[in-house]
Amino acid sequence: MRQTIRITRILVVLCAVAWLHAGVTIADVEYLAGEDFVQLHFKTGKMIPIPDLFYPQSGNYTHIVMRIPDVSPGTNPNKLQFDSRIIDTVSMSREGNGTRVEIRLKQRVNYRVFTNTRGLFIEFPHPAEHIVAVAPSSRNTAAADPPAQQVASAHSVVLKSFRVAEKDPESLRFAFQLSDEAQYKVIPIPEPPARLAIDLFNVKAQNLARDVDHLNVKRLRGAYNRPGVFRLVFDLEVMKDYSVTYDKGRLNVAFFDSKRLPAPRAVIAEAKRAREAQSNPADTPAPQPTAVEPASETRETPAQPAPPPIRLEIDGDNEFTTEPVARADEFFGREKADVAPPPETPPQAESQIQPGEGSTQGQTQYLRKTIETGRKEYTGQPMNFVFKDADLKNVLKAIAGIVGLNLVMDPGVSGRVTSELIGVPWDQALEIFLKINGLDMVLEGNILRVGRIEVLAREAQNRRKLKDAQIEEEDLEVFTRQLSYAKANDILKILNPQLTPRGSILVDDRTNTMIISEVPGRIQLLDRLIDTLDEATPQVSIEARIIESNVNSAEAFGVQWGYNMVADAAYGNQTSLSFPNSIQLQGNEISNIQNPGMSNNPLGGYAINLPAQGRTSGTVFSFGNVANTFRLDMAISALQRKGKVKIISSPRTTTQNNMEATITQGRQIPVQTIQNNTVTVRFQPAALELKVTPQITARGDVICTLDIQNNAADFANLVNGIPPIITQSTATTISVPDGQTIAIGGLYRVENSETREGVPLLSKIPILGGLFRNRSVSGDKRELLIFITPRIIK
């Protein structure tokens, strides 16, 4: 039975597959030409699996065969020919249950294949030598193939090296050394994952891959995005402020620790060569056009193969090369879809920092900052170093020539190198080569000096001694600085560690002036520190709003009754029995004073004394006979009460950053104590008090340390004439965006009570039991909300 079910399932699956592929026909073949690619579209009307593609002839890369199973060629001509610089002919024929497609190309190019619901696509990028140089005046016209000599004369720039030029807790700057001026485009992509892409046009470079993990920069990578365009990509935690500048063959990219950008923007920056090309178009080749794809598409073009490695031979058998350390397809994902740039603008001479603005999304995200990595970071271009007993001097000369440094070697420099290093940064390899030969280096600008360790250490020690001797020899300069905002004694603690042994600072508290005596070489440093510390402290206005709401209700019902009966011969109503002959019943023994009820009770007391608590209304009934031998008195009392109270308190205060402010509103309750015949009066505060210490963060939020006391006197419940204190308080620390309101605390209390008093057993009798009991119901609902609103005064 199981075997039959299994066979049935297999037959159903096979039928479904056959039904899905039944009737799939190539209805048409469409040729599409883009700015930097051409495309063949085989229209099938539905998605089909990607077929097998192969080169039928070894070494012939202009003939591609594609086998598409379960698809018929339709009624198309067997051979199609297109007016294209890449595709020559396309022929289709039936092969078994499928179609055989043969594509013949005019030259060898890469390709990629993808499929969707419209059919099968094969895309071929334009090779680098066929990119047409278009003048600005002819952008809207069809460009013809340029002459070969024009393409051959195109200027190429080499990316020689890059390094981390500046790294501190607030900024990070990369310096990319180019062999000549180059044209570039900046593409910020703030959408997650955030990236900053920089396209370098007509630049030759090796692939880059380097982990950074500083500020918001996670990684740097670089590879060819398309022919003739080398793209640098900075993977970011989030888009923040940055600047991209070009200065004398060096491209500087800096990142700053500040707010994220609100929206994507593309900035096009050009070097002097681009500006000169506009003024002298006849002398300078026009820039190459770049294909800008819509942001909604994710079409990828095959990356251009990296340029051949630079190979240097040393001592005949030794060599080192610069080769890529990663494949091009490892680098680019979504950033291959360029962001459409705005109209081209010339670069500014100074750094163009893209200002970051506060974003309403994800403002609570905090970035990890690496203050000290604990290890040295190497930023040189990865190279291969294969040496066998090579002369160290020749190795140093070769490295210095490649990275563009001037080299100076001390007379005692000598040694040999044997190594096999693959993909190692050149600065790390250089350091290792020097260490194994007992040498070290000093880099001053673009001059690399190499010498023996003991010589360099002795020179450094001598320079330090010379510097100390020069300080001792200099005359002291005395000057004064009067501070405007900071306290002189507070700044004194910061300045003292920066003084030389001969320097001193005196403080005049009356005028808040510092008298500084120091050598001239340290005065500029002290001035900069004082200018930085003596700044106006921003102020913060804090408004608190305390809302109290109280709703209470009460209902009560009570009964009081008493009686008096006499049966005696004096009244002529004695019994006919000898015993008992006279009877007297008194139901007025419960005094009204013990549990006050209705007044004017003729009997002076009750048998059942259960009045309503806090009664506000009632009625007294009195019944008796003519002889007054039987009397019945009854009182009914009731209460109903509802109350609503709403109190809004809004204390407000203004203080400086990191300074505590206090505001109090209320009364002082005198409390009198007597001890040893001495009367002492002390005052207990019953007031609304607000204590707050604000701290303004770097991103514009306000951290508030709050202590709010809302105390009130309860005059309804006096104790020896002194009211107790009802206390409501909160103490907390919160972070609030500037100008926004946040609820920092609240209290919601509901109290319901029901009280019943009665005579045992008799109070439980149906209907009549109401004469032997009373009932009171009360409810109390209290609500307290506390809001805080800080505002930075600008």
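The following questions and answers concern a predicted model.

Me: How are helix 4 and helix 5 oriented to each other?
Reply: Two packed helices are described by the angle between their axes and the distance between the axes. The axes of helix 4 (residues 392–403) and helix 5 (residues 426–435) come within 11 Å and cross at roughly 160°. Angles over 145 degrees count as roughly antiparallel. Helix 4 and helix 5 are therefore roughly antiparallel.

Me: Is Arg 481, which meets Asp 531 in a salt bridge, buried or exposed?
Reply: The side chains of Arg 481 and Asp 531 meet at 2.9 Å, N to O. This pair links distant parts of the chain, with Arg 481 in strand 28 and Asp 531 in helix 8, 50 residues apart. Buried means under 20% relative accessible area. Because its relative accessible area is 19%, Arg 481 is buried.

Me: Which residues form a nonpolar patch on the surface together with Ile 767?
Reply: Ile 767 lies in the loop between strand 43 and strand 44. With a relative accessible area of 80%, Ile 767 is exposed. The patch has about 460 Å² of accessible area in total.

How values were computed: Residues numbered from 1 in each chain as written. Predicted model: local features only at pLDDT ≥ 70, side-chain atom pairs only at ≥ 80, totals over all residues. Heavy atoms only, no water. Patch = residues over 30% accessible without salt bridge, like charges linked within 9 Å, V, L, I, M, F, W, Y side chains within 5 Å. Areas by Shrake-Rupley, 256 points an atom, 1.4 Å probe, with all protein chains shown as cover. Salt bridge = Lys/Arg side-chain N within 4 Å of Asp/Glu carboxyl O. Helix = DSSP H or I, 4+ residues; strand = E, 2+ residues; numbered from the N terminus. Buried < 20%, exposed > 50% of the residue type's maximum accessible area, 1.4 Å probe, protein only. Axes fitted to C-alpha atoms, helices over the stretch in contact; angles between N-to-C directions. Parallel < 35°, antiparallel > 145°, perpendicular 65-115°, else oblique.
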